[in-house]
Amino acid sequence: MPENKRRFKVKIANEVYTIIGKAEPDHMAAVVKIVEEQLAEIKELMPSLNNEKAAILLAINAVSDQLYKQEELLKLKQTEPKE
């Protein structure tokens, strides 16, 4: 494993996952906390949903949010004054 990557064992929805990445432990803990919260929210709204389908909905929400943020960033960059 490259030296700048870390291995994290995390538990999400009662499943253990090993995640490999460059993130700091605090960052990964925050990510896991948000994922757990969002999964719980989805499951509360739709209790009959299994974990796999809830995870797919969470992923769709995350990608949608990412696209909105990228659009916002692009607009901000286009309105920045040129030096």
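Student: Which residues form a nonpolar patch on the surface?

Tutor: This is a predicted model, in which local features need pLDDT of at least 70 and side-chain atom pairs count only at pLDDT 80 or more, while totals for chains, interfaces and linings use all residues. Residues are numbered from 1 along each chain as its sequence is written, and side-chain values use heavy atoms, without hydrogens and water. Together showing about 470 Å² of accessible area, the members here are Leu 45, Met 46, Ile 56, Leu 57 and Ile 60.

Student: Which helix gives the most to the nonpolar patch?

Tutor: Helices are DSSP runs of H or I with at least four residues, and strands are E runs of at least two. Ile 60 is found in helix 2. With three residues, the helix that gives the most to the patch is the one spanning residues 51-79, helix 2.

Student: Where is Asn 14 placed, and is this residue buried or exposed?

Tutor: Asn 14 sits in the loop between strand 1 (6-12) and strand 2. Buried means under 20% relative accessible area and exposed over 50%, so at 67% Asn 14 is exposed.

Definitions and conventions:
Patches are made of residues with over 30% relative accessible area and no salt bridge: like charges are joined within 9 Å, nonpolar side chains (Val, Leu, Ile, Met, Phe, Trp, Tyr) within 5 Å. Accessible areas come from the Shrake-Rupley method with a 1.4 Å probe; for residues, only the protein chains shown count as cover. A salt bridge is a side-chain nitrogen of Lys or Arg within 4 Å of a carboxyl oxygen of Asp or Glu. Buried means under 20% relative accessible area, exposed over 50%, partly exposed in between (1.4 Å probe, protein chains only).
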